[in-house]
Amino acid sequence: MKHLECEDMELTCNVPPVNTSPKKVEKPSGAEQQTMKVYLRVRPFSKEELADNEDQHCVVIENNHMVTLQAPKGSATMKSSEKGIGVSIHKFSFSQIYGPATTQAELYMHTVNSQLSDFLDGENALIFSYGVTNAGKTFTIQGTSREPGILPRALDATFEYIAGRQYEGMDVKPYLRNDAQCLDADQVKQEKNTKAAIFASFKEECDPFRGSRGSESLSCYVPHRSLSDNHTEFARTATESSCQFALWVAFFEIYNECVYDLLQPSCSKSKKRAALRVCDDGAGNAYVKDLRWINVQNLGEACKLLCFGNKNRSAAATKMNQSSSRSHSIFTMKLLKMESGTVQRMSEFSLCDLAGSERCNKTKTFGERLKEAGNINNSLLILGKCITALRNNQTDRMKSGYIPFRESKLTKLFQAVFCGKGRASMIVNINQCASTYDETLHVMKFSAVAKQVVQVMPNKAVESLSPCLVGPNGKPLVKNGVVDRQALESCASDDELLSDEDEADVSLLPQNELLNMIESLRTKLLAERRRNLEQEMEIRKEMGDAMLQQLMESEELRSRQIEELKESYEEKLENTFEMYKDAIKEHAYINAMNNLEDNYVPLEEFIAEEEKVEALKRQLAQLSSGARPAAVPTVHTSTQTQPSRDFEAAGNDRFKYLHKEKDAIERMCEDKQQLILSLERRLVELSASLQKVGDGFVEKSAEVEALQAKTCDQTKSMEELICQSMEKDKEITSLKAEISKLTRKSPVQAKTKKSLLANIREAVASPRKAGSGRTLKSVRTPHH
């Protein structure tokens, strides 16, 4: 039975905490408020996916704003719903949904065109693509040479807008996050050389491919005139017709939580790339330090820089994507509006191609790829936490929580945009494969939260948005669009200004007040030194006591561990020895019983056989002794010959019988001897095993003795530390005595503090007292 769950994403959240009720949102004065735009793009199936039966109607587009996800059989969501946990059908709403048949031009016109217009009007904008791996994010942002993405189209529209009004000089460059910097002649020359070196390197890399595969084999977005048909003509005001514009671009990536400049020349395999730092400009805006900004004059130069950066971007093949992006890439444009040599405003437009979230058991990643996947998922998790925290804070301002922008480089860089200093939108890319349904559902739930985030754009005057223009040395030259003449005319160094101020201060004070000030400062200095010294001694003593206590506790713990280890080893050895003894006894008993069962002869039969053997031996001896005399006399008569022959025949038969018995007895004796030998070999083996057990016991005993020796050494070291602590206590006592002596010898006496009103009264009455003091002094002098 299928359940139905509809997640409502049309809630609006209140940023200003006037009323916590979500029913009505009051907009603050002078601010524009709207929810974040979230667009959905569904990737079409590939031939391989159709052959693998991935089309199971998991994604159903209801209309332009609603989509339904149905869990396929075998997915984790379906298994949970069958157990009564969760549901199998989910509905999500978006600002706009684009199906598999949507072209790049249609997507650009309905998603990016409005934000590009804001960018050209001086506002900041951010667009980032989000989705699982192999969902078409990079294709949406960059596209191909035949089907350019939203980034090449945005560049083309920007150059069409500033056509004929471009500032050809390169002496004004973006600085920090929102400021501009004036460059001198040497710095301008360096910028031109850097740009020429990148283009020369790009040409060297692309020439071999151009000769063999043609122009379409290049991953460069050659500007097509068909792009201009998709743009809307942006209106130009009369004031903007006299202005000039300078466009600077930067391209960098966040790989394994490290920032790398993609416009830096590629290093050799043995040399590691230099990572850049994310810093703060002092106004709460994060920026990438030492990031390379390049001035571009046309679309061809911008596309070359984009291709050059893509060659340096981190990518690898996984089971789900042959060219999977292993980093977050950010392409940023900064447009400087200039008039009469002054920067009037500066706007920023960033397009972020996020790496896809993935599960390692499906992508079959390991080693370096596994580390990359972990960092990608971690940064995306922090992005989700920030979006969720923003939404929760806007929903209930009474329980404002911490937003973890600083836990990831990605969220730290775009913190200002999420907090109202720009407009952000998100393009969610998904595929319709049944094998990635669970990951796609997670992406859709994240987009549901993002769509509820309210963005507040303050309506500021143009003058207040003017960047701070700084000189080559980094000092500001322009404030709010007006040149600071005092800053330009001021040529004195800080040391000279400081010396002039010191002389002016000294000349204003009389000599007696200077002496009093010196004495009071000396008193304060001595008191501060005394207090610091006492505090240092107390801290040293506390640290020494804490360290000693820690050493004693660790020593006691180690001793207990050694005793427990020794007892456990002894118990194990005893158990092993007893086990071996029992095994040997049992084995010997079993062997003996087996041998007895095989060769068992009753006692009566054995005694009877022995008696027969003895009797046969005696008969044999008698026959042997009686045969020899019978052969000596010569028989002459037939009566004597016949009995002797009969007797010999009987003796031979008995001899044969006795011989057979003898052989049987010898074989029995040999079997008994072999049994004895096997038992002796078994005893030898058991002796060897006992010897090994004894050797192991000796080794463990040696380890225990070594641990005891180590314990003794640590005890000695602890005693030495105690001695050192006692010496330090003596030194502290002597220092206290010296301090007390210095305190008694010090001629300075602490003066009583007076209130502010008393000081004012004394200052007002000082002329009168001075006059009277002189009169009294002149009168009293003769009496002395």
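Asp290 is exposed, at 58% relative accessibility. The value is over the 50% cut-off for that class. This is a predicted model. Asp290 sits in the loop that links strand 14 (286-288) to strand 15 (294-296). Its phi is positive, at about 65°, although Asp290 is not a glycine.

Glu257 also has a positive phi, near 60°, and is likewise a residue other than glycine. Glu257 belongs to the loop between strand 11 (244-255) and strand 12 (258-261).

## Packing of helix 3 and helix 6

Helix 3 spans residues 104-111, and helix 6 spans residues 150-161. The two pack with their axes 10 Å apart, at an angle of about 60°. Angles from 65 to 115 degrees would count as roughly perpendicular, and those under 35 as roughly parallel. Helix 3 and helix 6 are therefore oblique to each other. Their crossing is right-handed.

Which residues make the contact? Helix 3 supplies Gln104, Ala105, Leu107 and Tyr108. Helix 6 supplies Ile150, Arg153, Ala154 and Ala157. By class, the residues of this contact are six nonpolar, one polar and one charged.

Thr102 lies in the loop between strand 7 (96-98) and helix 3. Is Thr102 buried or exposed? Thr102 has a relative accessible area of 14%, so it counts as buried. The cut-off for buried is under 20%.

Leaving aside residues up to four places away in sequence, Thr102 touches Arg41 and Leu107. Thr102 and Val42 are 60 residues apart in sequence. In space, their C-alpha atoms are 8.8 Å apart.

## Cysteines

How many disulfides does the structure hold? The number is zero. For Cys386, the nearest cysteine sulfur is that of Cys419, 9.2 Å away. A disulfide needs the two sulfur atoms within 2.5 Å, so Cys386 is in no disulfide.

Cys386 is buried, at 2% relative accessibility. Cys243 is buried too, with a relative accessible area of 2%.

Note on methods:
Residues numbered from 1 in each chain as written. Predicted model: local features only at pLDDT ≥ 70, side-chain atom pairs only at ≥ 80, totals over all residues. Heavy atoms only, no water. Axes fitted to C-alpha atoms, helices over the stretch in contact; angles between N-to-C directions. Helix = DSSP H or I, 4+ residues; strand = E, 2+ residues; numbered from the N terminus. Parallel < 35°, antiparallel > 145°, perpendicular 65-115°, else oblique. Left-handed = near helix turned anticlockwise from the far one by under 90°. Contact = heavy atoms within 4.5 Å. Nonpolar A, V, L, I, M, F, W, Y, C, P; charged D, E, K, R; others polar. Buried < 20%, exposed > 50% of the residue type's maximum accessible area, 1.4 Å probe, protein only.
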